[in-house]
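Let's take a walk through this protein together, one stop at a time. Have the structure open, and turn it as you read.

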Amino acid sequence: MPVADFASRRSSREAARSAGGVTELLDLMWERTRHATAAAPASPSQLRLMYLVESEEGVRMRVVCEQLAAAPPSVSRLCDRLQAIGFLERLPCPASGREVTLRLTAAGRTHLRHIREQRETVLRRAVDAMSDTERHALAEGLAALHAQLVAADGGVPGGITAA
């Protein structure tokens with residue numbers, strides 16, 4: 001194996017490891033944010049469900065199960081909890097009386113907005129502390145990573161592609 005190929009693979013591995021470390025750190029930070037946001041915080045699984053419902057208003061429960069790769073009883077329990085805290089509504093499907101569609105309530109949309117605002121504040125502080133050159137490199141790198149992840153997945157389920 002030529003030295004250049006080895007260096008490129010090593011650099012690629014290191015970049016992926018670094019991105020994974022950032023992801024883990026962000027997960028921990030988001031967990032703190034989630035608990036600070038509301039008296040009744042949604043779990044990570046409930047938030048994933050809320051993001052999917054937000055991206056496709058009136059999505060059928062069956063579709064959410066497929067997108068989350070979860071069994072209907074598990075998704076139903078997530079919906080029960082979100083409905084109990086006032087973040088989600090279940091409605092009869094207009095096309096089929098046997099199916100249920102999901103919709104976020106105003107409180108659910110407000111909850112997601114607050115979470116995003118708090119996350120953005122944390123990220124803005126970190127990015128503001130970077131030099132212009134570092135910010136530019138970060139923006140380019142994240143845009144390229146986003147494009148590759150979406151391409152590798154054939155598009156993110158639920159239309160969640162926030163760049």
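Although alanine 69 is not a glycine, its phi is positive, at about 55 degrees. With 71% relative accessibility, alanine 69 counts as exposed.

Before going further, keep in mind that you are looking at a predicted model. The mean pLDDT of the protein chain is 84, and 83% of the residues score at least 70. Among the elements, helix 4 (residues 72-84) has the highest mean pLDDT, 95, while helix 1 (residues 3-37) has the lowest, 74. Where pLDDT is low, the predicted coordinates should not be read in detail.

Now step back to see the whole chain. The protein chain has six helices and three strands, and along the sequence they follow the pattern α-α-β-α-α-β-β-α-α. Of its 163 residues, 22% count as buried. The accessible surface comes to about 10600 Å², and carbon and sulfur atoms hold 58% of that. Among contacts with a separation of 6 or more, 53% join residues 24 or more positions apart.

Where do valine 64 and its contacts take us? Valine 64 lies in helix 3, and its relative accessibility is 0%, so this residue counts as buried. Not counting residues up to four places away in sequence, valine 64 touches Leu49, Val59, Val75 and Leu102.

Leaving aside neighbours within four places in sequence, methionine 61 is in contact with Val75, Ser76, Cys79, Arg90, Val100 and Leu102. Leucine 102 is 41 residues away along the chain, yet the C-alpha atoms of methionine 61 and leucine 102 are separated by 6.6 Å.

Next, look at two other helices. Helix 2 (residues 44-55) has twelve residues and reaches 17 Å from its first C-alpha to its last, close to the 16 Å expected at 1.5 Å a residue. Its buried residues are Gln46, Leu47, Leu49, Met50, Tyr51, Leu52 and Val53. Helix 5 (residues 106-128) has 23 residues, which should span 33 Å at 1.5 Å a residue; the end C-alpha atoms are 32 Å apart, so the two values agree.

Which residues of helix 5 are buried? They are Gly108, His111, Leu112, Ile115 and Arg119. An α-helix has 3.6 residues a turn, so residues three or four places apart point the same way. Arginine 119 has a relative accessible area of 16%, which is why this residue counts as buried. Setting aside neighbours within four places in sequence, arginine 119 is in contact with Trp30, Thr33, Leu47 and Tyr51.

Charged side chains are the next stop. The whole structure holds ten salt bridges. One of them joins glutamate 57 and arginine 103, at 3.5 Å from N to O. Glutamate 57 lies in the loop between helix 2 and strand 1, and arginine 103 in strand 3 (residues 100-104), so the pair ties together parts 46 residues apart in sequence. Both are partly exposed: glutamate 57 has 44% relative accessibility and arginine 103 has 34%.

Another salt bridge links aspartate 80 and arginine 90, whose closest N and O atoms are 2.6 Å apart. Aspartate 80 lies in helix 4 and arginine 90 in strand 2 (residues 88-92), so this pair ties together parts ten residues apart in sequence. Aspartate 80 is partly exposed at 37% relative accessibility, and arginine 90 is partly exposed at 26%.

Within helix 5, arginine 124 and glutamate 120 are four residues apart, about one turn of the helix. They form a salt bridge, with 2.3 Å between the closest N and O atoms. Elsewhere, Arg60, Arg62, Glu66 and Glu99 are linked in a network of salt bridges.

Leu138, Leu142, Leu145 and Leu149 make a nonpolar surface patch of about 340 Å². Leucine 138 is found in helix 6 (residues 132-153), and at 30% relative accessibility leucine 138 counts as partly exposed.

Notes: Residues numbered from 1 in each chain as written. Predicted model: local features only at pLDDT ≥ 70, side-chain atom pairs only at ≥ 80, totals over all residues. Heavy atoms only, no water. Contact = heavy atoms within 4.5 Å. Expected span 1.5 Å × (residues − 1). Buried < 20%, exposed > 50% of the residue type's maximum accessible area, 1.4 Å probe, protein only. pLDDT = per-residue confidence, 0-100. Patch = residues over 30% accessible without salt bridge, like charges linked within 9 Å, V, L, I, M, F, W, Y side chains within 5 Å. Areas by Shrake-Rupley, 256 points an atom, 1.4 Å probe, with all protein chains shown as cover. Salt bridge = Lys/Arg side-chain N within 4 Å of Asp/Glu carboxyl O.
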